[in-house]
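Please have the sequence and the model in view while reading.

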2 protein chains.
Amino acid sequence: MKITKEILQETQQRIKPFVHRTPIMSSQLINEIAGVEIYFKCENFQKMGAFKMRGATNAILQLSETEREFGVATHSSGNFAQALALAAKLQGIKAYVVMPSNAPEIKKTAVKGYGGDVIECIPTLEARETTLNDIVNKTGAIFLHPYNDYQVIEGQGTAAMELIEEHDDLDAIFTPVGGGGLLAGTAMAAHHFSPKTKVIAGEPMGADDAWQSLQKGEIVPQTNPQTIADGLLTSLGDKTFPIIKEHVEEIIRVEEKEIIAAMRLIWERMKLIVEPSSAVALAALLKEKKKYKGQKIGIILSGGNVELSKLPF
Amino acid sequence: MKITKEILQETQQRIKPFVHRTPIMSSQLINEIAGVEIYFKCENFQKMGAFKMRGATNAILQLSETEREFGVATHSSGNFAQALALAAKLQGIKAYVVMPSNAPEIKKTAVKGYGGDVIECIPTLEARETTLNDIVNKTGAIFLHPYNDYQVIEGQGTAAMELIEEHDDLDAIFTPVGGGGLLAGTAMAAHHFSPKTKVIAGEPMGADDAWQSLQKGEIVPQTNPQTIADGLLTSLGDKTFPIIKEHVEEIIRVEEKEIIAAMRLIWERMKLIVEPSSAVALAALLKEKKKYKGQKIGIILSGGNVELSKLPF
């Protein structure tokens, strides 16, 4: 086992000074609707607005002195770009972020706002990788993968550790699944600190590569994903998949309208701004609520970065 | 003095089992923008989504046994309607709410959802009052005013009491002002429990009756208010005005675009859903931020009930 109990405990201590211990919230009304007792871990309140801050911080804090001088680099148009920029800034090191030229201006601005160096490329995966390689070769920056990296996975697992510390009798924890960093980290946290707690993921029907991968027993790459949950478009990786295969109970697929309905419920009833990807976990629980009736469930609200001018309501 | 320290302490004990002690949140980024250290009291997380629950609960809990049998009545198309319905339901008594027929369906549904009896009338103030009188005469229900009522004012003051309990060195507390229940309650709480803390209100320029009333030294009724802050359309009352006149430091008027910008800041940076009325207090502070530079300020985020299909973004 690569990710031990001790590694997770060290991770939690390492990143503690640089991330928020986010609150856990409940809604009586949503509990009534679900017939389930739900504890929402609010990573939308995390620094830069998503759990990704945990993994980015953990990876950056383990760079050597020499590596720190060269800085870090990644390609991302999502929350990991902002997380890496902010986590690097807090450690006084440089972050290079390759972003497709068609990424929303607001996201580029956010990365720059956190002090990141944005390098634009044409919007193809090939161009992203080539541009990233160029940057790494030119600057010596250390490439950090948004999810397929043990240190990143370990960092993401600390959200579930905090949830388990406050609620040690959860029947299950639900997360969304995209590349699998949060899901794998959560699965390892439950495995070590609350082995009776099942770990379950919600995934959009239109981007169901993780569900397909579990069915087939090997990684099925995500092609042409179609979903409002823009944090869940990526494929599993060779580090996240084996953990998920071994430790995740089930992946529940949800329709777009179920995602939007769950998002609306969280916005209207909890007064919390969460991004569509976050709502996927609640949508999955609501879809299978009969199965979890009367149980005590944790849900990780992964983030709250949405464009207010593009809401689905 | 009608509202004594002891009355406020009794009020807090009385309503405690029936309302949430809401969290207090901060945003480093908003602090940097304002140049001020701000503590937001999150009444958007209060039961039914607004501070009004406090005042309604306090008034209902002081009904006599006989009065309880007849129930309570009010006319409102806003948060007090929902607050009265829910507070009454929790005490097992009946609530009659007169609402204009053109009130949003979602608000009527919310009142009914909390078990309230909705009586529709044509949308004029006269019809509202006549219909309410009919209901009161027919049922014997006790009329509760949404803000011009000492027990309601005392209940609203408990939000500031909780804020002061956790931060006893605030230089000022900002609230929005509509009918003045929250502002008067906050002013009395500060007066008794933190006399050095100034109390200041934000008010929309297009509904500035409270500002005008302070200028003139007498109540200037609100006529034809024009603002997105739909909780602040009412006039001060003969119970709220004298308290505000004596104990409120200043009323700061803000433009619609300042309200929307402040609302957007809270949504985007704090991931909190607040209604436009709540943003008025932050907008006022931002407008006068030079004056409060380096100070420690409390802001009461009054509520989070917005129609998601009608956002100003």
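## Basis of the model

The model is predicted; local features need pLDDT of at least 70, side-chain atom pairs count only at pLDDT 80 or more, and totals for chains, interfaces and linings use all residues. Residues are numbered from 1 along each chain as its sequence is written, chains are lettered from A and ligands numbered from 1 in the order in which they are written, and side-chain values use heavy atoms, with hydrogens and water left out.

## The contact between chain A and chain B

Chain B contributes 20 residues and chain A 19 residues to the contact, where contact means heavy atoms within 4.5 Å. The two chains bury about 1600 Å² between them, and carbon and sulfur atoms account for 67% of this area. Buried area is the accessible area (1.4 Å probe) that two parts lose on being put together, summed over both.

Between chain B and chain A there are 0 salt bridges, a salt bridge being a side-chain nitrogen of Lys or Arg within 4 Å of a carboxyl oxygen of Asp or Glu. There are 6 residue pairs in polar contact across this interface, both residues at pLDDT 80 or more. A polar contact is a pair of N or O atoms within 3.5 Å; within protein, one must be able to donate a hydrogen and the other to accept it, and residues adjacent in sequence count only if both atoms are side-chain atoms. On the side of chain B that touches chain A, helix 12 (residues 256-270) gives the most, with 5 residues. Helices (H or I, at least four residues) and strands (E, at least two) are DSSP runs, numbered from the N terminus.

Chain A is divided into domain 1 (5-50 + 149-310) and domain 2 (53-143), with bounds from an automatic or database domain assignment. Taken over C-alpha atoms, the domain centres are 24 Å apart. In chain A, 25 residues of domain 1 are in contact with 18 residues of domain 2. Together these domains bury about 1800 Å², 57% of it on carbon and sulfur atoms. Phe18(A), Met48(A) and Gln151(A) supply 36% of the area that domain 1 buries against domain 2, more than any other three residues.

The two domains of chain A are joined by 3 salt bridges and 10 residue pairs in polar contact, both residues at pLDDT 80 or more. Helix 8 of chain A gives the most to the side of domain 1 that touches domain 2, with 8 residues.

## Salt bridges

The whole structure holds 30 salt bridges over all chains. One salt bridge pairs Lys94(A) with Asp117(A), at 3.4 Å from N to O. This pair links distant parts of the chain, 23 residues apart: Lys94(A) lies in the loop between helix 5 (79-90) and strand 4 (95-100) of chain A, and Asp117(A) in strand 5 (residues 117-121). Glu162(A) forms a salt bridge with Arg54(A), their closest N and O atoms being 3.0 Å apart.
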